[in-house]
Amino acid sequence: MNMEKRLIEEAFPLGEVSRESVREKNIRQGHISTLHIWWARRPLAASRTTAFAALVRDPGDEKLREELLELVKRLAPWEVASGEAAGSKELLAKARELIRKNFDGRAPKVLDCFAGGGSIPLEALRLGCETYALDYNPVAVLILKCVLEYPQRYGKALLAEVEKWGEWVLEEARKELARFYPPDEDGSIPVGYIWARTIPCQNPACGAEIPLMRQTWLAKKDRKRVALRMIPNPKEKRVVFEIVGQNGERIDFDPEEGTVLRANVRCPVCGARMDDDTTRRLFREGKAGQRMVAVVLYHPDRPGKTYRLPTKRDLEAFRAAEQALEKKRQELWEKWGMDPVPDEPLIYDPRNIWVTPYFPNELQKFGSLFNARQKLALIAFADKVRQAYAQMLSQGADPQLAKAVATYLALSFDRLAASHNTLCRWQPAGEKIADVFSRQALPMIWDYAEPNPFGGASRSWDELFKDTVDVITHLATIPPVEEGK
């Protein structure tokens with residue numbers, strides 16, 4: 001048994017690797033974190049460098065050790081893994097050669113039996129090791145197949161097929177759903193619809209509809225400030241909204257002041273207040289509603305996003321989606337033999353699932369986390385992914401390759417579902433939509449943002465699927481390892 005010490009046992013450039021690991025959190029294009037969420041994902045920089053330092057022997061000489069540590073530092077940046085850095089190909093080849101020299105010219109076997117999101121086995125693979133990854137969690141196993149197995153097995157042929165069928169899914173879904181997301185007459189495309197949940201004021205002398213909004217910013221940047229102003233209308237027992245700041249108007253109110261804070265509500269019409277128990281009771285009694293309060297627009301020929309109030313056309317499109325949902329639901333129920341809208345119970349968990357106390361008993365299901373148009377869009381996209389797989393097989397595709405392609409389409413669909421639900425916030429600082437897993441919980445969201453899956457911007461299929469393509473592009477460049485050689 002070889003008891004020689006490894007480099008990592010004697011020295012490691014912890015500071016440099018830590019800085020690269022932190023920087024990596026902001027890397028998007030091609031990074032496996034954009035393929036599918038995995039909470040315990042390890043940084044690729046740390047995984048790559050620690051794997052190398054654990055596989056090569058410590059030379060026992062200070063000068064030679066410093067040379068190896070310098071190599072570790074150079075291996076850490078994301079640009080080396082992605083191939084963007086000059087000489088990255090040669091650097092990785094040198095690292096692979098050094099590892100093999102430590103194992104009599106052969107690729108060492110690396111086993112990660114708690115592989116999770118695949119960071120450690122991916123970097124062992126990048127370093128030329130014969131890599132094996134295991135996990136008990138089925139979601140992890142699916143991610144590992146897409147990170148490690150399929151790109152190695154099919155290479156660039158996989159990329160071409162995924163791109164082809166991802167576009168097919170989008171266009172087939174567009175044919176069915178585009179009418180529910182109509183563009184404006186000037187060519188502007190709605191990329192998001194901002195909704196506020198509502199409850200009635202409990203003041204007997206008021207009874208107004210209260211839009212529940214934690215704040216009213218639409219855009220909050222150094223050079224762009226746009227907000228919604230709430231104008232009380234006691235006669236009609238409701239609030240009228242006005243967009244302020246978009247055309248240079250002065251924002252002479254505090255958009256940080258909303259109508260709800262931790263379920264404690266203030267009526268903007270009469271000033272009456274309700275505690276959190278009252279708010280939850282009204283929700284459970286089915287007295288809560290929702291109201292579209294703003295539409296986010298993007299024009300292909302103009303920079304940036306603009307905002308407007310909802311129109312009759314917007315509301316008619318949503319109502320049309322409500323009507324189309326039941327027909328589509330019954331059609332797929334008959335075809336699939338199960339309800340296409342998730343009907344699993346939404347069980348209260350004080351650590352992670354906090355939204356349940358706001359639903360009546362009969363609505364405490366996962367399907368209740370989506371509005372009608374979101375349900376329609378998601379079951380239609382799910383149907384198109386299934387159809388794509390069937391089409392591949394009917395056209396004579398290799399069944400295993402078809403399965404791999406369908407798996408990537410399914411992961412993109414998962415991310416679409418994480419963005420198309422009523423727990424997604426509008427982020428005024430970035431003018432974009434955050435998906436439900438911006439935190440590790442399912443909290444109640446008072447005002448939510450509904451993306452347009454065909455908007456080409458924040459949380460659309462195009463944006464999410466591009467991440468999938470970029471990851472495969474990256475992974476397909478990693479050279480395969482011949483087992484035992």
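In the predicted model, Ser 188 lies in the loop that connects helix 9 (156-177) with strand 3 (189-200). The relative accessible area of Ser 188 is 3%, and this residue is therefore classed as buried, the cut-off being under 20%. Leaving aside residues up to four places away in sequence, Ser 188 is in contact with Pro 183, Leu 297, Tyr 298, His 299 and Arg 302.

Rolling a probe the size of a water molecule over the atoms shows where empty space is left. Across the whole structure, two cavities of 30 Å³ or more were found.

Six of the lining residues of the largest cavity are nonpolar, two are polar and two are charged.

For the second largest cavity, the volume is about 40 Å³. The residues lining this second cavity are Leu 423, Arg 425, Asp 435, Val 436, Ser 438, Arg 439, Pro 443 and Ile 445. By class, four residues of this lining are nonpolar, one is polar and three are charged.

Note on methods: Residues numbered from 1 in each chain as written. Predicted model: local features only at pLDDT ≥ 70, side-chain atom pairs only at ≥ 80, totals over all residues. Heavy atoms only, no water. Helix = DSSP H or I, 4+ residues; strand = E, 2+ residues; numbered from the N terminus. Buried < 20%, exposed > 50% of the residue type's maximum accessible area, 1.4 Å probe, protein only. Contact = heavy atoms within 4.5 Å. 1 Å grid on protein atoms, 1.4 Å probe; cavity = no way out; pocket = protein on both sides within 12 Å on 5 of 7 lines; lining within 4 Å. Points joined across faces, edges and corners; volume = space filled by probe spheres on them. Nonpolar A, V, L, I, M, F, W, Y, C, P; charged D, E, K, R; others polar.
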